[in-house]
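Colleague: Could you walk me through this model, please? I would like to see the cut-offs along the way.

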Amino acid sequence: MHEFSLAERILESALGAAAAHGGLPVERIVVEIGALQQVVPEALAFAFDAAKSGTPAEDAVLEWRETAALIACESCGSEFTPEDMFWMCPSCGAAGGRVVRGEELIIQSVTLRETLLETREVEHGN
Amino acid sequence: MEIKLVQKVMKVNDELAQGVRARLRAAGVACVNMMSAPGSGKTSLIEAALRHCGGSPRIGVIEGDPDTTLDAERVAACGAPVVQINTDGGCHLEANLVGRALGDLDLDALDILLIENVGNLVCPVAFDLGEDRRVAVVSVTEGHDKPAKYPKLFRGVDLVVLNKADLLPYVDFDMVFFRDTVRRLNPGVLILDVSCRTGDGVDAWVAWLRETAAVADKGKAG
Ligand SMILES: Nc1nc2c(ncn2[C@@H]2O[C@H](COP(=O)(O)OP(=O)(O)OP(=O)(O)O)[C@@H](O)[C@H]2O)c(=O)[nH]1
Ligand SMILES: [Mg+2]
Ligand SMILES: [Zn+2]
């Protein structure tokens, strides 16, 4: 269940981004998950929910986008999305290939809630 | 406020792994990451190599287990320098743990470092440890379908060791299915049949380790 270590990494990055912006609470995190990564998005979200409590990201929602695999045939160069675990080139029948897309595991964006700042401004106004 | 981060989740681990790789390269030490299910015979293969290699290559070992120093004790009994990492229940090794363990090894006295990962066919695959080559170990008692069920591991390895070959008469292991699956996942990968019990195939395993060590040495010279 390495989803737990991944969730911790994601949390650290999000908290780092939040800290760099005055410690605003994290509202939303979007991760891109390649189809070739053995990551179960639901398990990642579950692990994230366990990791986030008691942090400025405790109300944050983890969202994900999945990227389909794209393999380049090393014999004929054509690119294809494999139909199963065996990467068989539909053009020439060669096995294997080079990964063009599908290994992504990227934190795309972190959304911070700006209400805290507004509250502070109101307080200053008083 | 949306911040476009676009940061690899593995960024920190990948950077630490590159650090490990650089340290080992500078010392001319090759590094092998051994992965398998629990009990396939990773430690047995390390013991067999140590007993059969006659000191060439000079082997150092990092043992990764959730708990106990049992594997390190087995390796130490063969006379090799060894560091045990306990992951405290963790299902894989990460580069920071390996980096720390390197400090307890005299790299100048080594030609090759064998890292025995935590027994697990899924999680270790995602974590670069700074290795030059990866090995998957499967034992015949696990069944011929393991490469098909865990394709990502088998796609990314440089060697597949089929261990416990002495037990083939007692299990329904379909060798054709196994080899065919491995070849389709990873065309051209070397498959070695080994029995740590009888010693069959251990010569080829030691030869592969020597060749791996020589490649690292060339890297250092060049
Ligand atoms: N019959 C037979 N048994 C073997 C062979 N290799 C290993 N074993 C046995 O298999 C069991 C597990 O071997 P280990 O070397 O401890 O396996 P491992 O992969 O290091 O196990 P973990 O570190 O717990 O994941 C031990 O009881 C070994 O004696 C072999 O070639 N043939
Ligand atoms: Mg072991
Ligand atoms: Zn092709």
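This is a predicted model: local features need pLDDT of at least 70, side-chain atom pairs count only at pLDDT 80 or more; totals for chains, interfaces and linings use all residues.

Colleague: Which residues coordinate the magnesium ion (ligand 2)?

Modeller: Donors are N, O and S atoms within 2.8 Å of the metal (3.2 Å for Na, K and Ca), and water is not among the atoms, so sites may look incomplete. Along the chain the donors are spaced as T-x27-D-x44-E. At 2.0 to 2.1 Å, they are T43(B) through OG1, D71(B) through OD and E116(B) through OE.

Colleague: Why does the pair D71(B) and E116(B) tie together parts that are apart in sequence?

Modeller: Helices (H or I, at least four residues) and strands (E, at least two) are DSSP runs, numbered from the N terminus. D71(B) sits in helix 3 (residues 70–77) of chain B and E116(B) in strand 5 (residues 112–116) of chain B, so the parts they tie together are 45 residues apart in sequence.

Colleague: Are D71(B) and E116(B) buried or exposed?

Modeller: The scale is relative accessible area with a 1.4 Å probe, protein chains only: buried is under 20%, exposed over 50%, and partly exposed in between. On that scale, both D71(B) and E116(B) are buried.

Colleague: What pattern does chain A follow along the sequence?

Modeller: Chain A has 3 helices and 6 strands. Of its 126 residues, 46% count as buried. Read along the sequence, the pattern of chain A is α-β-α-β-β-β-β-β-α.

Colleague: How much area is buried between chain B and chain A?

Modeller: Buried area is the accessible area (1.4 Å probe) that two parts lose on being put together, summed over both. Contact here (heavy atoms within 4.5 Å) takes 26 residues from chain B and 29 residues from chain A. Carbon and sulfur atoms give 62% of the buried area, which is about 2700 Å².

Colleague: And which residue of chain B forms a salt bridge with R9(A)?

Modeller: A salt bridge is a side-chain nitrogen of Lys or Arg within 4 Å of a carboxyl oxygen of Asp or Glu. The rule finds 3 salt bridges across this interface. With the closest N and O atoms 2.3 Å apart, the partner of R9(A) is E94(B).

Methods:
Residues are numbered from 1 along each chain as its sequence is written. Chains are lettered from A and ligands numbered from 1 in the order in which they are written. Side-chain values use heavy atoms; hydrogens and water are left out.
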